[in-house]
Amino acid sequence: MTYHDVTIMGGGPTGLAAALSLEALGLSVAVLERAGAPAWAEPAFDGREIALTHHSVSVLKALGAWEHIPQVAISPLRQARVETGRRNHPLTFDTQGRGVDALGYLVSNHCIRRGLYLAASNRPNIHLLGGTVTRHIRRIGEDMTVVHTGGEIRSRLAIGADGRFSQLRRMQRIGAVMHDFRRSMLVCRMAHDLPHHHVATQWFDEGQTVALLPVNGGASSVVLTLPPDQIERLRMLDRDAFNAEIMERVGNRLGNMRLVSTRHSYPLRAVYAHRFVAPGFALLGDAAVGMHPITAHGFNLGLKGQESLAQEVAAGLARGEQPGSLATLRRFERRHRLATAPLFAATNGIATVYTRDEPAFRVLRQAGLRVADALAPFKSMVTEMLMDREGQHRPG
Ligand SMILES: Cc1cc2nc3c(=O)[nH]c(=O)nc-3n(C[C@H](O)[C@H](O)[C@H](O)COP(=O)(O)OP(=O)(O)OC[C@H]3O[C@@H](n4cnc5c(N)ncnc54)[C@H](O)[C@@H]3O)c2cc1C
């Protein structure tokens, strides 16, 4: 049996960020991750390009992870365009008059994970236990005991950060609202002949949703949403046929396109936990709130959640409360619910309106984009929300 102030189960980007924030408060932290140590330290490309807000960049800098992300892996996002149908008025968001050079920054998920892992592995009070699975967890007195494949850990606070299909959430008997969109997403990188000018384009076509996310090196991340069987067919298609089909699907807007990465698919299921806390226990990241990726908020909210938790733990410690005290955890839960519930509902609404093909939904989205583009205050509000400049720093 070992003792750490905090045990985090799940060493994804949110779990590692939480470890860094809590260790900075002087706490000792153990992180249990199912993946073996080599894959954890050097995660493979997984197709996800994460659009980071300015605030998220400043958090990653403060945690010491940003410095481990190579400059070429950081792609500025200068404009975002939303279109519906093939020849309709686009809704655009840009940085004009805002004194910044980008709406946000695209960074591959595996680079973020690697940066956080490197930062965590340099901290003396973070203990990284790769290849470790939690068997069960129970509360004895004021302590949480985590029984895992390599032994037992006692802590004041246990955190479940094991992703949207969280086992820890189930072990703690915390239910969740689940929304199955009955669609999957295919993600990959493709090089192309025409420049993207660092403009992200998302359009809602009949029968498909496509996003092109501009990354460095004359390439874009292609994000295609379709029914699962069609995604599987595309994932297995030979390269030449795949290239030809994607060029057709994106209306040839980037010229010749060539697949330059592995292809990955994700089922689209959104999750919102009924509770984020229990005595001595908290949920973070996708385990608490697993967003539809359409509004690019998932990890940004995961980072905010771990930040709120660390701030509330710090405030509690100053008052003499233990890290796992229910008063501390309830304050975190209130803050995180306020930060996530409206966005979760709005994102599900957008995902539904923009992916259904019935005529009423088509008319609604065309009218919606036209009206939204004409409303300057609305556009300004959404742009500020996408950028999230609270505590802004320029990357570099
Ligand atoms: C296609 C796509 C695009 C996205 N784009 C964006 C974007 O632009 N912006 C944005 O903010 N977000 C985006 N997201 C969301 C973002 O990827 C997630 O919000 C983020 O990865 C969640 O991190 P996490 O650490 O909570 O969970 P995960 O990344 O799922 O990590 C969970 C970790 O826990 C480990 N684990 C699981 N079970 C156990 C167990 N029982 N014991 C120990 N370890 C366990 C797993 O191995 C994993 O390492 C996107 C998601 C997808 C699918």
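**Salt bridges, helices and sheets in a predicted chain**

Colleague: Which helix do Glu 333 and Arg 330 both lie in, and how many residues apart are they?

Modeller: Glu 333 and Arg 330 are both in helix H9 (residues 326-353), where 3 residues, or about one turn of the helix, separate them. Helices here are DSSP runs of H or I with at least four residues, strands are runs of E with at least two, and both are numbered from the N terminus.

Colleague: Before we go on, what kind of model is this?

Modeller: It is a predicted model, in which local features need pLDDT of at least 70 and side-chain atom pairs count only at pLDDT 80 or more, while totals for chains, interfaces and linings use all residues. Residues are numbered from 1 along each chain as its sequence is written, and side-chain values use heavy atoms, with hydrogens and water left out.

Colleague: Back to that pair, what does Glu 333 form with Arg 330?

Modeller: Glu 333 forms a salt bridge with Arg 330, and their closest N and O atoms are 3.5 Å apart. The term stands for a side-chain nitrogen of Lys or Arg within 4 Å of a carboxyl oxygen of Asp or Glu.

Colleague: And is Glu 333 buried or exposed?

Modeller: Glu 333 counts as buried at 10% relative accessibility, whereas Arg 330 is partly exposed, its relative accessible area being 38%. Buried means under 20% relative accessible area, exposed means over 50% and partly exposed lies in between, using a 1.4 Å probe and protein chains only.

Colleague: How many salt bridges does the structure hold?

Modeller: The structure holds 19 salt bridges. One of them joins the side chains of Arg 253 and Glu 83, at 3.2 Å from N to O. Arg 253 lies in the loop between H7 and strand S18 (257-259) while Glu 83 is in strand S6 (residues 79-84), so this pair ties together parts that are 170 residues apart in sequence. Arg 253 is partly exposed at 32% relative accessible area, and Glu 83 is buried at 5%.

Colleague: Which residues are linked in a network of salt bridges?

Modeller: The network links Glu 312, Arg 319, Glu 321, Arg 331 and Arg 335. Within it, the side chains of Arg 319 and Glu 321 meet at 3.6 Å, N to O; Arg 319 is exposed with a relative accessible area of 54%, but Glu 321 counts as buried at 18%.

Colleague: Switching topic, how do H6 and H7 pack?

Modeller: Helix H6 (residues 228-236) and helix H7 (residues 239-249) pack at an angle of about 130°, with their axes 9 Å apart. The axes are lines fitted to C-alpha atoms, for helices over the stretch in contact, and angles run from 0 to 180 degrees between N-to-C directions. That angle makes H6 oblique to H7, since under 35 degrees counts as roughly parallel, over 145 as roughly antiparallel, 65 to 115 as roughly perpendicular and the rest as oblique.

Colleague: Which residues make the contact?

Modeller: Gln 230, Arg 233 and Leu 234 of H6 meet Phe 242, Glu 245 and Arg 249 of H7, where contact means heavy atoms within 4.5 Å.

Colleague: What about the sheet with S4, S8 and S5?

Modeller: It is an open sheet of 3 strands in the order S4-S8-S5, with antiparallel pairing; two strands pair if DSSP finds at least two bridges between them. Its edge strands are S4 (49-52) and S5 (75-77), each pairing on one side only, and the twist averages 30° from one strand to the next. S5 is joined by 3 bridges to strand S8 (residues 104-108), with Ser 75 opposite Leu 106 in S8. Helix H3 (residues 54-62) packs on this sheet, touching S4 and S8, and its direction makes about 100° with that of S4. Helix H4 (residues 109-121) lies across S4 and S8, running at about 85° to S8.

Colleague: Which strands form a hairpin?

Modeller: S11 and S12 do, with 2 residues between them. Strand S11 (residues 143-148) pairs with S12 in the antiparallel sense over 5 bridges, and Thr 145 stands opposite Arg 154 in S12. Strand S1 (residues 2-3) pairs with S12 (residues 151-155) in the parallel sense over 2 bridges, which sets Thr 2 opposite Ile 153.
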